[in-house]
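Subject: Handover of the structure and notes on it

Dear colleague,

I am passing on the structure we talked about, with my notes below it. Please read them with the structure open beside you.

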Amino acid sequence: MKKSFVLLISTLIISCSVTKENSIKKKNLEMAQSFLDNIITDPQKAKSLLHEDFTFAWMGIIEQGGKIWDRENLFDVYFKDIILSETDITKLNNLFLELHQNKPIQHIIGETYFYDSKFLTPHGVFIPRPETELLVDCAIEFLSNKKERLQIIDFCTGSGCILLSIAKQFPNHEYIGIDQSEIAIETAKKNRDLLGLKNCTFFNEDIFKYKKSKADLLLCNPPYLAYNEIDSLDSSVKNNDPLTALTDFKDGTSFYKYLIQHFNQLVRKNGIMLLEIPYSSITNDIISINKNFNSNKSIFCKDLEGKNRVIKIY
């Protein structure tokens, strides 16, 4: 059982991505703690199992290519006085098996940390990616000097993490989330309620048929993979994230073409549209679409690696 615990924690931390970036380390710790909180019946034991000193020591060993005996020495230091119930051990074994089946930890525990909040992400709902936080940053920049009440619409809302992260910062505006997935909309509503946010409504609808009111701020992180790219994805992604959130079943540009061409039908005067774009084989195609079909002004917002990640159209 000693080795099982060490392997469990190590797999957990690795699956959350080992990084030297402090902000991401904090989220990794939160995710790992959530994992244990969902298993261990005694909260204090769950906390002890993921003592911060152990986590960072373990990360150091991973970076140095540590061996099994290193892990067991760490176990002796941190885990020797922690006794778990048979129920806890059974839960650990079952969830450890799911990890080995390459199921994402965010679907195993049913939640994900995004921006500064925790969101429900059950199986069947797209797992938010850290790079998408730039979309929230761009929206916050736009809204920071707005005094009037605005309408913010989020297409392909998924768990609602983008829209709700913005609503948490600016609760006095009106927020609408649209998604064609029923489970996504139900999850987004639960996340709204858990965060105690008002003025946020979610609708199960095809964005290509959306005919309701225009937005002052329109956001979208659309499916941008070409259908022929799906087979090359890691099994943890292609077997768990919903296919409709990954691809448009064509060349990956369908949503961009539609949104850019219909900007004036979707966005109010003096409003903006923010679209996340990938860094992939279709990035230049999306840039070309924006150049050829966009009659409005636009700029690109870069991520921390200096790559174009968000198109701002205004």
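In what follows, a contact means heavy atoms within 4.5 Å. This is a predicted model, in which local features need pLDDT of at least 70 and side-chain atom pairs count only at pLDDT 80 or more, while totals for chains, interfaces and linings use all residues. Residues are numbered from 1 along each chain as its sequence is written, and side-chain values use heavy atoms, with hydrogens and water left out.

Let me begin with Ala-184, which is found in helix α10; helices (H or I, at least four residues) and strands (E, at least two) are DSSP runs, numbered from the N terminus. With a relative accessible area of 4%, Ala-184 is buried, where buried means under 20%, exposed over 50% and partly exposed in between (1.4 Å probe, protein chains only). Leaving aside residues up to four places away in sequence, Ala-184 touches Val-125, Gly-158 and Asp-179. Phe-202 is 18 residues from Ala-184 in sequence, and their C-alpha atoms are 9.6 Å apart in space.

The buried residues of α10 are Ala-184, Ile-185, Thr-187, Ala-188, Asn-191 and Arg-192. Seen down the helix axis, they fall within an arc of 165°, so they line one face of α10; the arc is that of the directions from the helix axis to the C-beta atoms. What covers these buried residues includes β2 (117–120), α9 (161–169), β4 (174–179) and β5 (200–204), whereas the face turned away from the buried side carries the exposed residues Glu-182, Lys-190, Asp-193 and Leu-194. Just after α10, Gly-196 takes a positive phi of about 70°.

Turning to the sheet, seven strands form an open sheet with mixed pairing, in the order β5-β4-β3-β6-β7-β9-β8, where two strands pair if DSSP finds at least two bridges between them. The edge strands, each pairing on one side only, are β5 and β8 (298–302). Within this sheet, β3 (residues 151–155) and β6 (residues 215–220) run parallel and are joined by four bridges, and Phe-155 has Cys-220 as its bridge partner in β6.

Finally, helix α13 (residues 254–261) lies across β3, β6, β7 (267–276) and β9 (308–313), and runs at about 165° to β7; here axes are lines fitted to C-alpha atoms, for helices over the stretch in contact, and angles run from 0 to 180 degrees between N-to-C directions.
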